[in-house]
Amino acid sequence: MVIRSFLIAMLLFPFSLMAQDKELTLQDLIPGGKNYSKFVPKNLPQLQWNGDSYLYVRGDSLMVAAMPKKKRSVALTKATLNEALKNANLKTVGRLPRFEIPFPGEPVVAFHAGGHRIHFNYETKQVAADYVLNADWENQDFCAANRCIAFTEGNNLKILTAGNEQKVVTNETAEGVVCGKSVHQNEFGIHKGTFWSPKGTALAFYRMDESMVTDYPFVDISARVAKAKPHKYPMAGMKSHHVTVGVYNLEKGTTVWLNTGLPKEKYLTNISWSPDEQHIYIAELNRDQNEMNLVCYSALTGKKEALLFTEKDGKYVEPQHPLLFLPNHPDRFVWQSERDGFNHLYLYNTKGELLKQLTKGEWVVLSVNGFDAKGENLFYTSTQTHPVSSFKPSPLCVTNWKLDMKRGVSVCLNSRAVIGNGVHNALVSQSGKYFLDCYSSWSIPRVIDLVETGKGEIQENLLAAKNPYEGYDMPEVERGTIKAADGVTDLNYFLVKPLNMDESKKYPTIVYVYGGPHAQLVTGGWMGGVSGWDIYMARRGYVIFTVDGRGSANRGHAFESVIHRNLGVNEMADQVKGVEFLKSKPYVDSERIGVHGWSFGGFMTTNLMCSYPDLFKVGVAGGPVIDWSNYEIMYGERYMDRPQDNAEGYKDSNLKLKAKNLKGHLLLIHGDMDPVVVWQHSLGFLKACVDANTYPDYFVYPGHLHNVIGKDRPHLHEKITRYFDDYLKR
């Protein structure tokens, strides 16, 4: 991938029109901070389509504009809503709640308030439906076709009808069995456990048996006497949970179980209903995650009907998206796959016959945004560049496209895409005639345009946000590419310089790293990936550097899978290349280089501190993976295989074995209730350091999960800042 030389030039970011030495604090720059909202580019809150009308919130009003007239009007106000709620003997709201559109095309919004799910008609100004909910109901899933809500209570699945009657779907009493919840650690695109049929006559759901999975001992310290809260956590190489799929018929009140068969240790992902509700399709992935079978089952009998096709890969296969059936063509669907090295779209029929590859090239499809009414055109977002642009495809340029399904020709819908970087996101209307394009670039905070999809012409600009940092002195940002450790691959980076930098001086430098899959830190959008903390530290006299090395996202399968079976090796090699680049800068103090990262970035930080102890003086590792044999099966075995099958790889990436190499100052930070990277990781590293007579520092956030969020997040960044001030800035 080549980034043109003029992009490597230093860019002032954000642009400062009134350079003033005004203070910016962590409360201003960090999510959860008291003033953070003031420094986020203006948006149109809750912007969404209802049919071919778009809605958004402005102050205490819900605004609506119907196409093609585009004239905006007030759909409802908080006062109007509260008056209607009072008349229905319901609690009023202090501010407009978060809405969803339950019935596209109808003037109805849905929201939760006071223990109720309420449907409100904004034309009649009346409550259209009221669902009475219990506080302990989770995983609520509303079906527009039958107006029922599926939900879980404890480990069982139930349904609430429009008349507030409850139906019991499952009545499991065995310990370790849960129904209707997300499975497989939310991997493979899974984010829920219930799947309504298109007409609402049936509900497919996951049943997960975790009885064979070891309990992991969490401790809740919020009570006077701390309580044990065991959590099922299948570690790499150990027994995994068993998942099956049930289909509940609402009229009969009976459940059919899909005959997914043996082996039981496999992954059932990307569940899809056929439009006629007769069939269910499942992407079945073996435990080794190198073979996926797309299987069709009868939704009526549970019998396996057909194996449509198989995908194999020498490293791993990772299905992320369910089938997408074409409107008016119930025998055809779109499938997303990385089979040719990049995520692309393929058109199949329900016999499993490949009709055509719809997209192709050294770029990735990031999302499918819908069809037009007839199903003749499909809309998607990708890293494909505009046809008249001289730039090659890049994850710094994200664009929206219309694909003619018959001709197989794609047309870019973004006139702004020719500039070489920038990120577009599309919300497509129900008819497919319009979309809302939210765009930003390095120098443009946020622009929202109303676009007609026929020719991609902008009909109206709805928002052009101002620079929220206008009036503040801001650091200079350099962007460009460096070569990876393979000497061939170009890697995108940004470098934030100290405010009012004097190039004759030497400055402490911090490398912020993630380095793992499914993440891209350097972007083409607003700020380009530069975070509020990066700005804060640059204003305090630090150089901040980030490079997306091999293994990161949105560059294709080969680029990401280079990490397979050897986590940390190629990723660290690319970060070291980044440090070599930093050392070529006269203002970087090569004796004061630090590193910081979280999760996979915490693994990288600790690994770099122990593998290159003379290169990095200070590190802060948050939620770090220390020993991949202590990590969960689904993610861990995808990238490392099982410990018994890759003993050397697990040994080389076990940081407890490197604890003896630690020389510099290393702070480890962990949430004691972390269900992703369990507390055992960092505690195990501490024990290894004690045994090796090395001396890291440690800080725990009680009650926090994998990330420190909310009002405590500025505290986290203050802690990190103080550590670098104490040991790197001096």
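Visitor: Where is the place of Gly454?

Guide: In this predicted model, Gly454 sits in the loop between strand 34 (447-452) and strand 35 (457-464).

Visitor: Is Gly454 buried or partly exposed, and why?

Guide: A residue is called buried under 20% relative accessible area and exposed over 50%, with partly exposed in between. Gly454 has 42% relative accessibility and therefore counts as partly exposed.

Visitor: Where does Ser429 lie, and why does Ser429 count as buried?

Guide: Ser429 belongs to the loop between strand 32 (422-428) and strand 33 (434-440). Its relative accessibility is 3%, so Ser429 counts as buried. Leaving aside residues up to four places away in sequence, Ser429 touches Trp49, Gly51, Asp52 and Tyr434.

Visitor: How many bridges join strand 3 to strand 4?

Guide: Six bridges join strand 3 (residues 53-58) to strand 4 (residues 61-66), and the two run antiparallel. Within this pairing, Leu55 has Val64 of strand 4 as its bridge partner.

Visitor: What span should helix 6 have, and how far apart are its end C-alpha atoms?

Guide: Helix 6 (residues 569-583) has 15 residues, so at 1.5 Å a residue it should span 21 Å; the end C-alpha atoms are 21 Å apart, which agrees. Among the buried residues of helix 6 are Met572, Val576, Val579, Phe581 and Leu582. The buried residues of this helix pack against several elements, including strand 36 (476-483), strand 40 (588-598) and helix 7 (600-611).

Visitor: How much space lies in the largest pocket, and which residues lie nearest its centre?

Guide: The general idea is that rolling a probe the size of a water molecule over the atoms shows where empty space is left. In this model, the largest pocket holds about 1300 Å³ of space. Its lining comprises 39 residues, of which Pro104, Phe142, Lys192, Trp196 and Leu324 lie nearest the centre. Elements that give two or more residues to this lining include strand 2, strand 9 (137-143) and strand 32. Strand 20 gives the most, with four residues.

Conventions:
Residues numbered from 1 in each chain as written. Predicted model: local features only at pLDDT ≥ 70, side-chain atom pairs only at ≥ 80, totals over all residues. Heavy atoms only, no water. Pairing = 2+ DSSP bridges. Expected span 1.5 Å × (residues − 1). Buried < 20%, exposed > 50% of the residue type's maximum accessible area, 1.4 Å probe, protein only. Contact = heavy atoms within 4.5 Å. 1 Å grid on protein atoms, 1.4 Å probe; cavity = no way out; pocket = protein on both sides within 12 Å on 5 of 7 lines; lining within 4 Å. Points joined across faces, edges and corners; volume = space filled by probe spheres on them.
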